[in-house]
Amino acid sequence: PHGTEIFIEDKPEEKSFNGDLLLASSFNVKNYYKKKFKGIPISIIGIPRYDPKWISTLKKEIKFKENTNSKFKILFITRGPHPTDLSKKDFLYLVNSISSICENSNIQLLVRSHPRYSKALLSNIFITYKNLDWKFEDDNLVTISNDLNLVVAMWSTMILDALVLKIPVIEFFKCGNKRIWSKNSSGSSITGYEKNKIVISAKSKHELKTFINEIMIGDLDKVNKTFFKFDEIFNLNESSIDNSINAITNN
């Protein structure tokens, strides 16, 4: 399954399938698919990269970076403008907002660029902020997790990577109007992450600044609630890579 399929933001159309087995990532995906694709047995296998046993094993093999900077480190996970997901206007608002917030502060901004968007175009924005301490960061999130204080992400599957590593996440995004999204109580479009309350969701520069400041001073009440909800959804304590392997091989 696709990473965000866990939250079924854009449901697949019903088609004719001849499969003998459907592998689903979670109970809510299974419950949706069993109504959509009748007659095909479904096994829940989880997503191995989010498995606690796999993470623990991986950490033992990794040489982590040394923290050489006393600044508060934020990893900003970006994506570029997209015909359905994110307008260019909204993209520029998101990038300029976090750049302005982090300028002239005790923050180092680490930027994860999206593979489909040019680093040069991103750099052209960041370099206009003369007092912004920033650099591109391409290392695996597990490798740098000990050196991060916060992740600020546009709509990205890497949000899940951060949550399983217990890194606080603020989702800073504006949903495009040419795609089917979930809706909140006021009818506004929201991502599956916000719908399932596993991120702190910032819609404006002011909200983003407020949430960053709260986390910097150690007010982690909102963060802890997202961690609890994430663990509840994924049922991580009962998940294991062995179960995932067995679910595949036994069927």
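Q: How many salt bridges are there by this rule?
A: The count comes to nine salt bridges. The model is a predicted one.

Q: Which residue does D85 form a salt bridge with?
A: D85 pairs with R79, and the closest N and O atoms of this salt bridge are 3.9 Å apart.

Q: Is D85 buried or exposed?
A: D85 counts as buried, because its relative accessibility is 4% and the cut-off for buried is under 20%.

Q: Which residues are linked with R79 and D85 in a network?
A: R179 is linked with R79 and D85 in a network of salt bridges.

Q: Why can such side chains pair at all?
A: Side chains of opposite charge can pair when their charged atoms come close.

Q: What about E194, which side chain does it meet?
A: The side chain of E194 meets that of K203 in a salt bridge, at 2.7 Å from N to O. K203 is partly exposed, its relative accessible area being 28%.

Q: And K222, what is its partner?
A: K222 forms a salt bridge with E214, with 3.1 Å between the closest N and O atoms. K222 is partly exposed at a relative accessible area of 34%, whereas E214 is buried at 19%.

Q: Changing topic to strand β3: how many of its residues are buried?
A: Six of the six residues of β3, which spans residues 72-77, are buried, so the strand is largely enclosed by the rest of the structure.

Q: Which of its residues point one way, and which the other way?
A: F72, I74 and F76 point one way from β3, while K73, L75 and I77 point the other way; all are buried.

Q: Why that pattern?
A: In a regular strand the side chains alternate between the two faces of the sheet.

Q: How many bridges join β3 to β4?
A: Six bridges join β3 to β4 (residues 107-112), and the two strands run parallel. Within this pairing, I77 stands opposite R112 in β4.

Q: What do β3, helix α3 and β4 make?
A: Together with α3 (residues 88-102), β3 and β4 make a right-handed β-α-β unit.

Q: How many bridges join β3 to β6?
A: Four bridges join β3 to β6 (residues 150-153), and these strands run parallel.

Q: Which residue in β6 stands opposite F76?
A: V152 in β6 stands opposite F76.

Terms used
Residues are numbered from 1 along each chain as its sequence is written. This is a predicted model: local features need pLDDT of at least 70, side-chain atom pairs count only at pLDDT 80 or more; totals for chains, interfaces and linings use all residues. Side-chain values use heavy atoms; hydrogens and water are left out. A salt bridge is a side-chain nitrogen of Lys or Arg within 4 Å of a carboxyl oxygen of Asp or Glu. Buried means under 20% relative accessible area, exposed over 50%, partly exposed in between (1.4 Å probe, protein chains only). Two strands pair if DSSP finds at least two bridges between them. A crossover is right-handed if, with the strands pointing away from the viewer, the path from the first strand over the helix to the second runs clockwise.
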